[in-house]
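Welcome, and please load the model in your viewer.

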Amino acid sequence: MDHSRTPLFTALKEHAAKNPVQFHIPGHKKGLGTDAEFREFIGDNAFSIDLINIAPLDDLHQPTGVIEEAQKLAADAFGADHTYFSVQGTSGAIMTMIMSVCSPGDKIIIPRNVHKSVLSAIIFTGAKPVFVSPAQDANVGIDHGITISSVRKALKRHPDAKAVLVINPTYFGVSANLKEIVDLAHSYNVPVLVDEAHGVLIHFHEDLPMSAMEAGADMAATSVHKLGGSMTQSSVLNVNTKNGYINPYRVQTIISMLTTTSTSYILLASLDTSRRSLALHGREMAARTIELAQYARQEVNKIEGLYSFGEEILGGEATYSYDPTKLTIHVRHLGITGYETENWLRDHYNIEVELSDMYNILCLITPGDNQEAIDILLTALRELSNQYMHVNEINELVVKTPEIPQLSLIPRDAFYGDTEVVPFKESAGRIIAEFIYVYPPGIPILLPGEVISQENIDYIIDHVDVGLPVKGPEDRSIQNVKVIVETDPIF
């Protein structure tokens, strides 16, 4: 296919050049009806292609023209049979995957460290999650992916599961052997869905982990906006129909149900053009990014008190391969938390990182970075080391994750059940009716239907006390929590 073409973006430019008289939404009418300062800042070109699904521009909900062409080009670029553009982010694509294969009461095997969109989809469908614990890294205090042995155990216990969901790669860039997991699941006639939110570049360079489509997975939600150059909130859903598990027409129906009818053509155009860049120059872009990231990693590891893992972590079931463009920096030996490091970098060097936790910060190195940006980060980290090394007591690394709670109710039944509010510190033994998770990366500690344990309470309070962002409950202070009403017994 001719990947120099951008059918959607070209059609938008041609339409704007005709300067049509518009009697349709959006009401700003090429920017004339919007705030003057905002228009000046954004620019007239952006407003000229901020359009709606009129006939010349096709319709994302039932594409038959330029959007269909753009999606076919994307499918070819990503090695998929079908690709669907998402303007609801990767969250919308993930929910589409699950809702395409699960019905009320169906089981789905998922890692515990899934994104909250997975749990949202489970509530919407009424599915029953079968959780698999991710492998933990006791050296840096992070979770990796699930292992093939844990997936095998789950499939033996639940051969009636409707799908296995895998994160590939994880937020920190680490992958298990996805091909083995896919082959194992398919031996049970179970499809594999992949959260590939942090894996757009892996499609274009052999030194990166294997992509979901190459591994033979059945669906993969991929964030083009995170690393591939498109605008925030634009992603793709790649589908492989060769295995016979996925109905593409069902997928189109579900993604349409979850997608606004006022689809952003600016976001769609950015997907079209980013596909062009990746298809034509993806390997070169990835190679340059890997080189920058490896340079940064080498220099970080020369700084006293800091550590960024690399190939030395490979060799385990959950650490089959890794993406070096995810620069995880372990700061515990400076006697400070990752959260404190994030704030220090912001306050002293105007640097913003992707996430922080108790022991680490994560910096994403992308095709948008250059040597100058890396050198600013390294200068900041050297000063950080000089300021904190040998000053504070080094905290012991404790990989302290509570046991997966007992699931007492299907999450949808708990979420929509009769509830009452009780003090969180006194909620042990009750069935929670809302989410509690640490974000980023959005990993659930408790989800609707699970029985709250004292261990859960202590773990969450510890995170709140050190200032880490714990989110989810309606009470943002996490003083109170919604639980299922316990009815009195009848004698």
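Begin by selecting Leu355: its bridge partner in S14 is Leu362. The two strands around this pair, S13 and strand S14 (residues 360–364), are antiparallel and share two bridges. Strands here are DSSP runs of E with at least two residues, and helices are runs of H or I with at least four, numbered from the N terminus. Two strands count as paired if DSSP finds at least two bridges between them.

A word on what you are looking at: this is a predicted model, where local features need pLDDT of at least 70 and side-chain atom pairs count only at pLDDT 80 or more, while totals for chains, interfaces and linings use all residues. Numbering starts from 1 along each chain as its sequence is written, and side-chain values use heavy atoms, with hydrogens and water left out.

Now widen the selection to the whole sheet, which is open and has three strands in the antiparallel order S12-S14-S13. Strand S12 (326–330) and strand S13 (355–356) are at its edges; each has a single partner strand, so one side of each lacks a neighbour in the sheet.

Next, select Val438, whose bridge partner in S18 is Val470. Strand S16 (residues 436–438) and S18 run antiparallel, joined by two bridges. They belong to another open sheet of three strands, ordered S17-S16-S18 with antiparallel pairing. Its edge strands, S17 (443–446) and S18 (470–471), each pair on one side only.

Time to colour by domain: domain 1 covers 7–278, domain 2 covers 289–388 and domain 3 covers 411–484, with bounds from an automatic or database domain assignment. The centres of domain 1 and domain 3, taken over C-alpha atoms, are 29 Å apart. Their contact (heavy atoms within 4.5 Å) takes 17 residues from domain 1 and 17 residues from domain 3.

How much area is buried between domain 1 and domain 3? About 1,300 Å², with carbon and sulfur atoms giving 67%; buried area is the accessible area (1.4 Å probe) that two parts lose on being put together, summed over both.

Finally, zoom in on Glu450 and Arg112, whose side chains form a salt bridge at 2.6 Å, N to O. The rule asks for a side-chain nitrogen of Lys or Arg within 4 Å of a carboxyl oxygen of Asp or Glu, and it finds one salt bridge across the interface of domain 1 and domain 3. On the side of domain 1 that touches domain 3, helix H6 (116–125) and strand S3 (128–132) are the elements that give two or more residues. H6 gives the most, with seven residues.
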